[in-house]
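Hello,

Here is the structure you asked about. Please open it first, then read my notes below.

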Amino acid sequence: MNRREFLRDVLLWSAGLSLAAPRFTVSTVLAAPDPSPLVAVGTGADYVKLTAAVFEGLGGMGKFVRHGDRVVVKPNIGWDRAPDQAANTHPLVVRAVIDQALAAGASSVQVFDRPCNDPRRSYKNSGIEDMVRSIRDRRVRIEHLDERKFVPVDIARGKAVSRLEIYRDALEADCYINVPVAKHHGLSRLTLGLKNSMGVLGGNRGRMHHDLGQKLADLATVLRPALNIIDATRILLRNGPQGGSLADVKTIDTIIASADPVAADAWATTLFGLEPGDIESTVAAHAMGLGEMNIDAMQLRTVTA
Amino acid sequence: MPGPDNRRNDRTAGAAGKRLRPLAPWRRLSQALFLLIFFFLFIKTDYTGTDRLEYAVNILFRIDPLLAACVMLAVKGLVALMLPALLVVGLTLVLGRFFCGWVCPMGALIDLCHPLLRPRKRRTDTLYPALPYLLLIFVLAGAFFGLPVAGYIDPFSILVRGLAIALYPAFNQAATGFFTFTYLEAPGFVNVVTEPVYSFLRATILPFDQKYYTLVMLSAAVLLAVFVLELVQRRFFCRNLCPLGGLIGLTAAAGFFRGYGGNDDCKACRACRKVCRMGAIDEKRRLAMTRCVLCMDCRDKCPRGLIGFRFSPPSRRPAPVSLSRRAVMAALGGAALLPLFSGVRSMARVPDPFLIRPPGSLPEPEFLGRCVRCGECMKVCIGNALHPSFLESGLEGMFAPRLIPRIGYCEFNCTLCGQVCPTGAIRELALPDKHTCKIGHAFFDTDRCLPYAKGIPCIVCEEHCPTPEKAIRFREAVVENDRGETVTVRQPYVVDALCIGCGICENRCPLPDGAAVYVTAAGEARNPEHALPAADTGLYPPP
């Protein structure tokens, strides 16, 4: 099925003209997760250097981005909040990830998210839009989502959800890099890497919130980042996920990275004085064999910058 | 080519002159230029990446002397925002009704559409020449006595509102629909062309996202009627209805710029009279400055080059308008008496509880008195939250903005509606004031809210609540769910002192139809009578 046939089927199916629902074929037979995933944790006040150091800890960006790859960098740009309010990924971390991807030979780097607040305000006031534009490289684009590009995807292994609308570019990227910010959340307690993936979903995302942990794990069966970088340079301890008061923000100058999304989330959980088992999505994803949540089973690389 | 002095000599000498170098092309250029500026400012009436708007996008309404007069009569005081209208008044005294012919975007659009809307029957005389003045009297007196209806008939209100509410969103939907079709259906070689075109349009003239409004059909119908009436008579609206044109015409007649037409020596061909779009030239080829918009058609078409304009002393002024005393009394009396009825409507005692006004809105009577129904706030509202109201605040309140949270919520860090309001009906708020400006209050419908009604966990409202200290919080409760299981859920409640009524909770409530949390005008800062019960107990900080 080529692109055109696929899109025609999408249209016909959504118009109710065809019984055969189109399927965006996503392989659910993923490579078995590493039984002993590498997790790099770095601390340092220079976030660009820190991010680079964390990549070194994982063996270099070249392990994840091959020459000519189309890269998608998915930060959290959920809210109309300033960088110091810790509701969105820090722009310097986003910048460093893009720089690394370009250095590794990416043919294009796309940056996007589907914000909860007004998209333009969120892109702008998160500092991410200006930071990405300041790179001034034709390969790098920050763009707002195009409604036409959401495609229905069957979640074959899903336990709580069987179909989701997912942004094509996220699915089609050669290398999808998840760059969440670690922060408090009223329902899932924390929002980390698996939760950040909700930013590529179309439709009414509010419905995800019933049995959220399992649904996030279900989503992780079809959307598997090549790399997860959790921004914990400053973390929102209360009144998440959007915060607003600097009294709720704690600066800890930390970044966690791993190819294993569950392991990265699990380790980041400990920064909040919680156990990995406290986070439903971590538990659900681990139970589905999507990654490791046991801290003792991980290979930890500690770096400082 | 005779210069102005020669022309005077020709006329006094009665000699056959030549056609003059045409001026109408300059008028068309001016119209095109102002129309482009108008559309530019219209498109820029939007968030453009900065919290402050870069352009005075509302300037058209602030130079409108009719609206300025109405707003000042309504508040019975000077409104500094509207003082630029003096510029138009001053220029009209010097240059006559040039505004209608050379500047007005509505006039320019009407002229632009004229080739498509030619009247079948040529009617030289204005059908209802007194009507603009009667409307003017009614609108001005209404503003004074508390019947704010200027926005119904002001040309800019009709134009911007119709564009913002109806035509522009519909244009976007058509364009987006077309490019979605090509994207999904057309072969690659078509998309190579269409996709860059679409990107270009998105970046330039199309809005950022699709907006949806109330009263779309009505707003469109009012605007389109102005153009359909063009089939009856050329510049029908300007000649027979426009009270702004009437006001500008009266000002022009009081000024010292006069047109001179054919005289006894001209051959009385009446080409000038036939070509006049305003019916400003009578059988004796005299130009009425109340009506003439200086389009220059008669001057350019006069085969003998007899028509021109000059400054002239006030003594030659003819009586500008003849109105019947009875009609004037009816207009004045209607405007004075109707507010007596509006004052005894149910809504005067119990306002619509769901009538939420934009943040910074003045108390209701002054708000309606100032609001000119221009639609600027609805156009600029980044969340698609503001909509034209229908009859919630009475017939005269129609098209004034109201917030409908289920359609769009008030963005916490946005102050654009106060920035674009040309009259100060919506005060411009500094961001810290906006953050605490209470426009309404959220209530939970516990029969529908999932944690209450179904024992299902849901926190979407709390997650989106924008106040730094959450105005929506939880109480843990043990309830029995639909499956008969006893579960512990977190049930949301509203903190009265923190909720500002922005409506994001109602907007994002994941229930498929109506929300389980809804906002009313309760507690709105602008109306002390709407204070919440807890306000008296000291739990709620005084405004």
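Two residues are in contact if their C-beta atoms, placed from the backbone, lie within 7 Å. Keep that in mind for what follows. Also note that this is a predicted model.

**Where the chains meet**

**Chain A**

Chain A has 305 residues, and 53% of them count as buried. Its elements are 10 helices and 12 strands. Now take the contacts in chain A between residues at least 6 apart in sequence. Of these, 74% join residues at least 24 apart.

**Domains of chain B**

Domain 1 covers 20-340, and domain 2 covers 438-543. Their C-alpha centres lie 47 Å apart.

**A helix pair in chain B**

Look next at helix H8 (residues 131-145) and helix H17 (residues 325-342) of chain B. Their axes come within 8 Å. They cross at roughly 25°. Angles under 35 degrees count as roughly parallel, so H8(B) and H17(B) are roughly parallel to each other. The crossing of H8(B) and H17(B) is right-handed.

Which residues make this contact? From H8(B) come Leu134(B), Ile137(B), Phe138(B), Ala141(B), Gly142(B) and Phe145(B). From H17(B) come Ala327(B), Val328(B), Ala331(B), Leu332(B), Gly334(B), Ala335(B), Ala336(B) and Pro339(B). By class, the contact of H8(B) with H17(B) has 12 nonpolar residues, 2 polar ones and no charged ones.

Pick out Leu109(B). This residue sits in helix H7 (residues 105-113) of chain B. Is Leu109(B) buried, exposed or partly exposed? A residue is buried if 20 or more other C-beta atoms lie within 10 Å of its own, and exposed if 12 or fewer do. Leu109(B) has 19 within 10 Å, so Leu109(B) is partly exposed. Now find Phe412(B), which is 303 residues from Leu109(B) along the chain. The C-alpha atoms of Leu109(B) and Phe412(B) are separated by 37 Å.

Best wishes

Terms used:
Residues numbered from 1 in each chain as written. Chains lettered and ligands numbered in written order. Predicted model: local features only at pLDDT ≥ 70, side-chain atom pairs only at ≥ 80, totals over all residues. Helix = DSSP H or I, 4+ residues; strand = E, 2+ residues; numbered from the N terminus. Axes fitted to C-alpha atoms, helices over the stretch in contact; angles between N-to-C directions. Parallel < 35°, antiparallel > 145°, perpendicular 65-115°, else oblique. Left-handed = near helix turned anticlockwise from the far one by under 90°. Nonpolar A, V, L, I, M, F, W, Y, C, P; charged D, E, K, R; others polar. Domains from an automatic or database assignment.
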